[in-house]
Amino acid sequence: MALTLPLRRDPATSGAAKRRTRAGIALSTPTAALFVLPAAVLFAVLILYPMLAALSYSFFDWQGTKQGGFAGVANYITLLTKEPYASELWNAFGHNLLLFAGALVFQNSLGLGIATLLHRRKRTKRFFQTIFALPYLVSPMVIGYLWSLMLSPLFGPVNAILRGVGLESLALPWLGDPQLAIWVIVLVSAWQWLGFPILLYGAALGGIPEEIEEAASLDGATAAKRFRYITLPMLTPTIGIITVLTFIGSMEAMAIPFALAGSNGAPAGSTDVMMLLFYRTAFESGNPNSIGVSSALATVLFIFIMVISVVITSTMRRAERKLF
């Protein structure tokens, strides 16, 4: 019978191994920092510094590009109480909220529906995902100018097609009517970004185990019930991500409104948004204190976006915890 003796650990060897482990950890920290450093530098230079600079500029009085004395919250008071800023601010803010609501309804309904249909198509799934994602990959300025040409009442193909099929009553001045123009911007914006939620929902649907739906199907659950009680709750994290990103994008929208209606939010301010107001305040107002007021506007917008984004994220996470 063979005897197995326990191996005796050499204290010197054990200590050396511990030192090597500690040295390895110590060496890995600077290495990891080197990988993070380029991104941290870019973030600090391109995002953090401009944010802090705008915040500091908003508390000073300016004469052109020359910084004056400390003004406290005077620029914020000017922005919220004095014309034309006060009325234009709330008008533009309302249009941004409308953009968010329209994009959210459009993307979370049609986007989820298309993603669900494509998820069941094995052969042409990638082809249609690419088709829907193409507008998302094009510059918003290009999208805006293309739609402004297509919706032109003089030579645009949209009105020409409507007249050609006998629907002359629907051949409208889409960008010239104050009641229609903002809805055109809502639809064009939602159309361009539709491919993004389709891709996210498609990825999320692909991550749902098929065994769960198969078990529910064997228990007699219909397709509608499986979608409502299984698929939709498991898409809650993705819905939260799309909601937050849609909110941020809608509040920062500028390219499409600018391309379709110009910097003044024509006609009659019916397409004005916060970023257009910021652009006019900073570069077109002629106010010698334009830097101070525009910096105050940028700060207010940033704080609002940050607070609402945190609220939406917290709400969706609570909903997640209740489900899982």
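Reply: Happy to! Contact here means heavy atoms within 4.5 Å. Keep in mind that this is a predicted model.

Me: Which residues is Leu235 in contact with, leaving aside its neighbours within four places in sequence?

Reply: Leu235 touches Leu112, Tyr201, Ala204, Leu205 and Ile208. Leu235 also belongs to the largest nonpolar core, which has 29 residues. Together with Leu79, Tyr201 and Met274, Leu235 touches the most other members of that core.

Me: Which elements give two or more residues to this core?

Reply: They are α2, α3 (85-119), α8 (195-206), α11 (236-251), α13 (274-284) and α14. There is also a second, separate core of 15 residues, with Leu99, Ile143, Leu151 and Ala171 among them.

Me: How do I read the packing of two helices?

Reply: Two packed helices are described by the angle and the distance between their axes. Take α2 (residues 74-81) and α14 (residues 290-323): their axes come within 9 Å and cross at roughly 80°. An angle of 65 to 115 degrees counts as roughly perpendicular, so α2 and α14 are roughly perpendicular to each other.

Me: Which residues make the contact between α2 and α14?

Reply: From α2 come Asn75, Tyr76, Thr78 and Leu79, and from α14 come Gly292, Val293, Ala296, Leu297, Thr299 and Val300. By class, this contact of α2 with α14 has 6 nonpolar, 4 polar and no charged residues.

Me: Is Ala298 buried, partly exposed or exposed?

Reply: Ala298, which lies in helix α14, is partly exposed, with a relative accessible area of 27%. Ala298 and Met274 are 24 residues apart in sequence and 9.0 Å apart in space, C-alpha to C-alpha.

Definitions and conventions
Residues are numbered from 1 along each chain as its sequence is written. This is a predicted model: local features need pLDDT of at least 70, side-chain atom pairs count only at pLDDT 80 or more; totals for chains, interfaces and linings use all residues. Side-chain values use heavy atoms; hydrogens and water are left out. Axes are lines fitted to C-alpha atoms, for helices over the stretch in contact, and angles run from 0 to 180 degrees between N-to-C directions. Helices (H or I, at least four residues) and strands (E, at least two) are DSSP runs, numbered from the N terminus. Angles under 35 degrees count as roughly parallel, over 145 as roughly antiparallel, 65 to 115 as roughly perpendicular and the rest as oblique. Ala, Val, Leu, Ile, Met, Phe, Trp, Tyr, Cys and Pro count as nonpolar, Asp, Glu, Lys and Arg as charged, and the others, Gly among them, as polar. A nonpolar core is a set of buried Ala, Val, Leu, Ile, Met, Phe, Trp, Tyr and Cys residues joined through side-chain atoms within 4.5 Å. Buried means under 20% relative accessible area, exposed over 50%, partly exposed in between (1.4 Å probe, protein chains only).
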